[in-house]
Amino acid sequence: MASSSGNSSTCTKFQSTCSEEDLQVVMDQRKNKRKLSNRESARRCRMRKQNHIDEMMNQVSQLTKENNEILTSVNITTQHYLNIEAENSILRVQMVELNQRLESLNGIINLIMNSTTITKDSYVTSPENFMNPMNMLYFNQPIMASMDMFQW
């Protein structure tokens, strides 16, 4: 029986050379097919990798944009907070000043109401004159508080 591999003694030298060449052709075809398959697989892998890199770059860009928006919002909110805190400080000082003036005025009223003798040298000679609008000019002083008082 003759075999296709050319190992049989009945095969001639020409037949074995032909089948070796055929075998070599088949091996070369398989090798080339495997090379093409590997090239195509590598190309697809590079494309997937590039797509993944592109997606990641887009995500980095979007997250950077969101981060900048959040940072801007935080800065604006912080500035509003500082402005309100400064306003509150001014209002606290004004409240203290007004409370002191109120206590002083209440003390004056108590002195006038409780005193039985009023001296001639006194600015306010009677309770009626105390309530006179012209005499109130002395007590009507503006309250001044500014941001300069609260430098940190």
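R43 is partly exposed, at 36% relative accessibility. The model is predicted. R43 belongs to a network of salt bridges that also links E40 and R44. The structure holds two salt bridges. A patch of positive charge also lies on the surface.

**Salt bridge R43–E40**
- R43 pairs with E40 in a salt bridge, with 2.3 Å between the closest N and O atoms.
- Both R43 and E40 sit in helix α1.
- R43 and E40 are three residues apart, about one turn of the helix.

**Salt bridge R44–E40**
- A salt bridge also joins the side chains of R44 and E40, at 3.8 Å from N to O.
- R44 and E40 are both in helix α1.
- Four residues separate R44 and E40, about one turn of the helix.

**The network and its exposure**
- The salt bridges link E40, R43 and R44 in a network.
- Side chains of opposite charge can pair when their charged atoms come close.
- E40 has a relative accessible area of 32%, so it counts as partly exposed.
- R44 is likewise partly exposed, because its relative accessible area is 40%, and partly exposed covers the range between under 20% (buried) and over 50% (exposed).

**Positive patch**
- R30, K31, R34, K35 and R39 form the patch of positive charge on the surface.
- R34, one of the patch residues, is placed in helix α1.
- Helix α1 spans residues 13–114.

Methods. Residues numbered from 1 in each chain as written. Predicted model: local features only at pLDDT ≥ 70, side-chain atom pairs only at ≥ 80, totals over all residues. Heavy atoms only, no water. Patch = residues over 30% accessible without salt bridge, like charges linked within 9 Å, V, L, I, M, F, W, Y side chains within 5 Å. Areas by Shrake-Rupley, 256 points an atom, 1.4 Å probe, with all protein chains shown as cover. Salt bridge = Lys/Arg side-chain N within 4 Å of Asp/Glu carboxyl O. Lys, Arg positive; Asp, Glu negative; His and termini not counted. Charge placed at Lys NZ, Arg CZ, Asp CG, Glu CD. Helix = DSSP H or I, 4+ residues; strand = E, 2+ residues; numbered from the N terminus. Buried < 20%, exposed > 50% of the residue type's maximum accessible area, 1.4 Å probe, protein only.
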